[in-house]
Amino acid sequence: MTKTQETVLEINLAALEHNYNFITSKIKPTTKFLAVTKAFAYGSDACKIAKKLEKLGIDYFAVAYTKEGVELRNSGIKTPILVLHPQAVNFKTILEYNLEPNLYSEKNLEEFLEVAKQENKSNYPIHIKFNTGLNRLGFTKEAIPKIISIIKNNSTLHIQSVFSHLAASEDLNEKEFTNEQIKQFCEIKEEIEKLLSYPILTHMANTSGILNYPEAHFSMVRSGIGLYGYGNNPDFDKKLKPVATLKTIISQKHILEPGKSIGYNRAFIADKTIVTATLPIGHADGIGRQYGQGKTFVEVNGKKALIIGNVCMDMIMIDVTNIDCKEGDEVIIFGSEQSAEDFAKTANTISYELLTGIASRVKRKLLI
Ligand SMILES: *Cc1c(COP(=O)(O)O)cnc(C)c1O
């Protein structure tokens, strides 16, 4: 593999295919697979990722916001797209781009119905979300008769799926809570199926739900983080391959005599002579200040180098005293020996936050 000459986020589509195949091997052949490509496909490149997944035969996509769905449509994606968190101001755009809204409250169902009627839609696919314990978005079970009467009153809307979301599928200490969510969702599914004259999709499992709760697969599963190579568990992590690798280079080296400081506010002061390297990546690129001051390392020529001093907007400084390296050498921030999960952990956060926070100014480079 050629060495990088600037800061890049490499996107490995072969790794994506591997992860897709691994997750597919965990579900029944008849179970549908929805890929979550919100937040720029977890910081990578939503359009390129979606294109590859469409080729692999994905059944559905989900994004968080309408704009993300519009971008997929504009890049030629034809697969159905569920918008997980639509706002009423975008309902016309949703219809225009053939996106499918998650409707989670009576207000938002009535508002969407109104706009769909104005646009003379019939049997327009919608998704109804139920709250089974996350207490974020969703109808309660008690709202079922009302929802069904609103839908059945006219032929404008068609319930494509009914779904819910698990609160702690990665945490096996919360098994009892999760089982209760699954039980509630089963009851919701049964009640709705009794009242509707057509079949619907049902889904509640995210990546950890897929891996830890086969009984929660229903007729479709939704995977985000797993497709990008992380399984919220060291055993699953071993089976998955990180799609994104963040790399940069050494811009300059310095020798720091004892007593000399480095960076803003002199946050690091050398107690012996050390050698430092400055890298062209900072908090504006998504490597936040929480990773500074000796908490996190990066990889230089196969060795670990600690980030020292404060993280600057466009640069970080690392300690390379015991590392054979020179200006221009490649540095791996995460996605190789050290995963995004390991890197994130040093600042008490999770791979999701680190990956989705990589700024748009970092060049994405596709490895095919
Ligand atoms: C983000 C999201 C997912 C994907 O979760 P992962 O843990 O990344 O697999 C699934 N469902 C909903 C409703 C989400 O918001």
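When I say that two residues touch, or are in contact, I mean that they have heavy atoms within 4.5 Å of each other. Keep that in mind, everyone, as we walk through this predicted model.

You'll find Asp285 in the loop that runs between strand S14, residues 274-279, and strand S15, residues 297-300. So is Asp285 buried or exposed? Its relative accessibility is 5%, and buried means under 20%, so Asp285 counts as buried.

Who are its neighbours? Leaving aside residues up to four places away in sequence, Asp285 touches Met313, Asp314, Gly357, Ile358, Ala359, Arg361 and Val362. Take Arg361 from that list: its side chain and the side chain of Asp285 are joined by a polar contact of 2.6 Å. The side chain of Asp285 also has a polar atom 2.8 Å from the backbone nitrogen of Gly282.

Now for the nonpolar side of the story. In soluble globular proteins, nonpolar side chains tend to be buried together. Here, the largest nonpolar core has 109 residues, and Phe112, Val298, Val300 and Ile333 have the most contacts inside it. Helix H1, residues 13-25, gives this core its largest share, six residues. Where does the core lie? Domain 1 (31-228) and domain 2 (244-367) both contribute residues, so the core lies between them.

Let's zoom in on Phe112. Not counting residues up to four places away in sequence, Phe112 touches Phe91, Ile94, Leu95, Pro101, Leu103, Tyr124, Ile126 and Leu157.

Technical notes: Residues numbered from 1 in each chain as written. Predicted model: local features only at pLDDT ≥ 70, side-chain atom pairs only at ≥ 80, totals over all residues. Heavy atoms only, no water. Helix = DSSP H or I, 4+ residues; strand = E, 2+ residues; numbered from the N terminus. Buried < 20%, exposed > 50% of the residue type's maximum accessible area, 1.4 Å probe, protein only. Polar contact = N/O pair within 3.5 Å; in protein donor to acceptor, adjacent residues only side chain to side chain. Core = buried A, V, L, I, M, F, W, Y, C linked by side-chain atoms within 4.5 Å. Domains from an automatic or database assignment.
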